[in-house]
Amino acid sequence: MDQYEVLWAGFGGQGVMVAGQLLAYTGIKEGKNVVWLPSYGPEMRGGTAYCTVVISEQRIGSPIISNPRAAVVFNRPSFDKFSPRIKAGGLLLVNSSLIDVTTDRDDVTEILVPANRMALDAGSPKATNIAMLSAFVGATEVVKYENLLATLEEKLGKKKELLEINRAVMLAGYELGQKAMKGAGKKVKA
Amino acid sequence: MAKILMKGNEAIAEAAIRAGATNYFCYPITPQTEVAEYLARRMPEVGGVFLQAESEVAVGNMLFGAASTGRRVFTSSSSPGISLMQEAMSYIAGAQLPCVILNIMRGGPGLGGILPAQSDYFQATKGGGHGDYRILCLAPSSIQEAVDLTMGAFATAEKYRNPVMIVGDGMIGQMMEPVEFPDDFDAGDPSKNEEWAATGAKGRKARIIKSLFLDPLKLEENSIVLHEKYEKMKVDEVRYERYKINSKNELMIVSYGTMARICQTAIDELEAEGISVGLFRPISLFPYPEKELRKEVDAKNIKTVLVIEMSCGQMVEDVERVVQGVKPVKFFGRTGGIVPSPEEAKEQIKNLIKKPTRAKKAAAKSTSKRKRKD
């Protein structure tokens, strides 16, 4: 792996920033270089939030990524804004619980993740971001699953109840991502 | 110590603590408020002073007062707040006191915006306040470098008894990167400050710390002392980095801070296309790496120098001063919070190095709007 860039986008409160940070923490655990860059600007509550994470074996140049290799979108405005920006041959993960459209692009792999549904089924809507994050890791293997799990336990392990829910969602998301990539190149519906 | 993931603002704040800063004065302003938030918690833990002032004007004068007692003083702000501190900067430099200031730059002028910019270069390097004084100014391009420079800044400020300013654009403050705080860092000994500080005159003659010299000969004398310090900085404090500079380079970029990293990506991508470009990155903005830059520019293979900044063209004036017309110096910049992408940088480079064919001329024309007109 030379360098992987992934953009995380959604409403404020969906855990988009945290998902990106968990990935970045896990990258450090694996001895890689990482940059986490948030969008910051004047925003209202419930407004859009996004961040980019770059993971690389080499020294990282630009923290600004115009065309990432992957985008993980949590809501419709993010889908509209960022799905056209993904590099050709890249990956798009869509929160299909809230986004009822799919991309017209035939040069990216699209994975539909019913993230809100998965989180609710496991017991808490708070785990939505973990569903998206683990599906991304399942699809890309940018970091190892067990390292991601260790990060989750370190950073979000205080509330035992919620940790159990997150663990369950993480496994389900990871498996969804893995399975989806077996049909890579095609539209993948989960 | 193991690497940890930290936001730039918080990492710089921790670096100040580890370097022995004991007095921090501030007034909140985006995009650096996390420094204040972090130090509000951390300063009391080390027995230091955290004080949120009523304005940046007050912050500047609190720095002046606390610095005169020999304590390690620190403040952070962003462009409009730094402007309000300029009177104090002039007084602090005139009275020969050490302090460290962090400016996480945002777009200006005036209240401007809150997004990243490098448009305070003139203010930081040419003196934002009045009088014959300079501020030693350092520009990191990564969080680790920001930590290293901040940790060293206090000892440097004390060595010269002069303010040291760290300038970063909003990205340096906001992004997270792995950092390592060195365990065995020698941050110098602030107790030496007692040789000149106002510590209470019991048993010794009172010391007067001031910048007022009504006798012109005394004032000239003070200015010469300052001037000599700045000349010494030009010898001992120059810092820079060379990236992929070699005899195959057709063009050399000069860029600093986060912008330089964006240029690195452009250079790496052009290398893959068979185009060789080098980058000269000044780390100390004052003292400017004059001789070092000139040496690289004088290399036979360098046909053009391209300066890229997040401003309408400020550092480019220093580059022109150094290059003295021996090679063409071109400029590209975006401002107002817009950050040039590696793609934009690549386009600029390609326009400059290709033999101008008709198609290229047309392309150059379409991008010339953003170029500085001299």
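This note goes through chain B of a predicted model, from its overall build to a few individual residues.

1. Secondary structure and overall size. Chain B contains 14 helices and 14 strands. Its radius of gyration is 21 Å, close to the 21 Å given by the globule rule for 374 residues, so chain B is as compact as a globular protein of that length. Along the principal axes, the C-alpha atoms of chain B fill a box of roughly 80 × 50 × 40 Å.

2. Burial and contacts. Of the 374 residues in chain B, 56% are buried. Taking the contacts in chain B between residues at least 6 apart in sequence, 80% join residues that are at least 24 apart.

3. Surface and charge. The chain carries 50 positive and 47 negative side chains. The centres of these two sets lie 6 Å apart.

4. Aromatic pairs. Over all chains, the structure holds 11 aromatic pairs. Y240(B) and F280(B) make up a stacked pair, with 5.2 Å from centre to centre and 10 degrees between the planes. Y240(B) belongs to strand β9 (residues 240-243) of chain B and F280(B) to strand β11 (residues 277-282) of chain B, so this pair ties together parts that are 40 residues apart in sequence.

5. Accessibility of that pair. F280(B), at 0% relative accessibility, counts as buried. The cut-off for buried is under 20% relative accessible area.

6. Aromatic cluster. Four residues of chain B form one aromatic cluster: Y24(B), F50(B), F74(B) and F154(B).

7. A lysine in a strand. Where is K7(B) placed? K7(B) sits in strand β1 (residues 4-7) of chain B. Because its relative accessibility is 16%, K7(B) counts as buried. Which residues is K7(B) in contact with, leaving aside its neighbours within four places in sequence? In chain B they are E34(B), G173(B), Q174(B), M175(B) and M176(B). K7(B) is also in contact with W36(A), a residue of chain A.

Definitions and conventions
Residues numbered from 1 in each chain as written. Chains lettered and ligands numbered in written order. Predicted model: local features only at pLDDT ≥ 70, side-chain atom pairs only at ≥ 80, totals over all residues. Heavy atoms only, no water. Helix = DSSP H or I, 4+ residues; strand = E, 2+ residues; numbered from the N terminus. Rg over C-alpha atoms; globule rule 2.2 N^0.38 Å. Buried < 20%, exposed > 50% of the residue type's maximum accessible area, 1.4 Å probe, protein only. Contact = heavy atoms within 4.5 Å. Lys, Arg positive; Asp, Glu negative; His and termini not counted. Charge placed at Lys NZ, Arg CZ, Asp CG, Glu CD. Phe/Tyr/Trp six-rings, centres within 6.5 Å; stacked < 30°, edge-to-face > 60°.
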